[in-house]
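Student: I am new to this structure and would like to learn how to read it. Could you take me through a few features, one by one?

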Amino acid sequence: SDPDTADRRLVAAQTSLNQTIREVRSFIHGLEPEEVERTDFVQALRSLIHTLQALHPVQLRLHTDAATAPLSAREEVHALQMVRECVSNALRHGGARCIDVVFETVQGSPALQIRDDGRGFDAAVARASGGSGLANLASRAAEIGATLTIDSSPGKGTGISIRFNQTHSAP
């Protein structure tokens, strides 16, 4: 009913699809999926949030702690992909209208928290269903030595916490 909005959303979807294709090709060739400038992970996170906000009719809020310890380049790449996965899951499966992404220090270690107001789910049932979203998150966390915590229940939204092991983190 609104051709201009439909055209804008189609262009945004095409841009997102092209980015995904580039990332898959990078994986195939053994390259990192995203180029992250070492000097400013928070800026890369802001850019990702801005891109996702432009693609989806949802409120995305980013909160950062300037004193958060730096992540290694490998951790940064995985962290950005994990945020993308969490936002995608919140939208596709949870019907979220508001998503908060927080990058801060928790008990001396850098941590990412992604919280949404979506439908939530029973984590045990979701794992048993064979979907790949939670498995992808767990695999990425394990690969970089991070601790992944999922807090969700039907009707209560979802919270994902990724705590980076300080001994693995490096500028």
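Student: Is R97 buried or exposed?

Tutor: Keep in mind that this is a predicted model. Exposed means a relative accessible area over 50%. R97 has 61%, so R97 is exposed.

Student: Which side chain does R97 meet in a salt bridge?

Tutor: R97 meets D117, at 3.8 Å from N to O. The cut-off for a salt bridge is 4 Å. D117 sits in the loop between strand 3 and helix 4 (123-128), and R97 in the loop between helix 3 and strand 2, so the pair ties together parts that are 20 residues apart in sequence. D117 is partly exposed, at 33% relative accessibility.

Student: How many salt bridges are there in the whole structure?

Tutor: A search finds 3. One of them joins the side chains of D100 and R61, at 2.6 Å from N to O. D100 is in strand 2 and R61 is in strand 1, so this pair ties together parts 39 residues apart in sequence.

Student: Is D100 buried or exposed?

Tutor: Buried means under 20% relative accessible area. D100 has 18%, so D100 is buried.

Student: Which side chain does E143 meet in a salt bridge?

Tutor: E143 meets R74, with 3.6 Å from N to O. This pair links distant parts of the chain: E143 belongs to helix 5 (residues 133-143), R74 to helix 3, and they are 69 residues apart. E143 is partly exposed, with a relative accessible area of 44%. R74 is partly exposed too, with 41%.

Student: Now the sheet. What holds strands together in general?

Tutor: Strands of a sheet pair through backbone hydrogen bonds, either parallel or antiparallel.

Student: In what order do the strands of this sheet lie?

Tutor: The order is 1-2-3-5-4. These 5 strands form an open sheet, and the pairing is mixed. Strand 1 (59-64) and strand 4 (147-152) are the edge strands; each pairs on one side only. On average, neighbouring strands are turned by 10° against each other, direction ignored.

Student: How many bridges join strand 1 to strand 2?

Tutor: There are 6 bridges, and the two strands run parallel. Strand 2 covers residues 98-106.

Student: Which strands does helix 2 touch?

Tutor: Helix 2 (residues 41-55) packs on the sheet and touches strand 1, strand 2 and strand 3 (109-116). The direction of helix 2 makes about 170° with that of strand 1.

Student: And which strands does helix 3 touch?

Tutor: Helix 3 (residues 73-92) also packs on the sheet. Helix 3 touches strand 1, strand 2, strand 3, strand 4 and strand 5 (158-163). The direction of helix 3 makes about 15° with that of strand 3.

Student: One last residue. Where is G95?

Tutor: G95 is in the loop between helix 3 and strand 2. At 35% relative accessibility, G95 is partly exposed.

Student: Which residues does G95 touch, leaving out those up to four places away in sequence?

Tutor: G95 touches A90, G118 and R119. Sequence distance and distance in space can be read side by side. G95 and G157 are 62 residues apart in sequence, and their C-alpha atoms are 9.4 Å apart in space.

How values were computed: Residues are numbered from 1 along each chain as its sequence is written. This is a predicted model: local features need pLDDT of at least 70, side-chain atom pairs count only at pLDDT 80 or more; totals for chains, interfaces and linings use all residues. Side-chain values use heavy atoms; hydrogens and water are left out. Two strands pair if DSSP finds at least two bridges between them. Helices (H or I, at least four residues) and strands (E, at least two) are DSSP runs, numbered from the N terminus. Axes are lines fitted to C-alpha atoms, for helices over the stretch in contact, and angles run from 0 to 180 degrees between N-to-C directions. Contact means heavy atoms within 4.5 Å. Buried means under 20% relative accessible area, exposed over 50%, partly exposed in between (1.4 Å probe, protein chains only).
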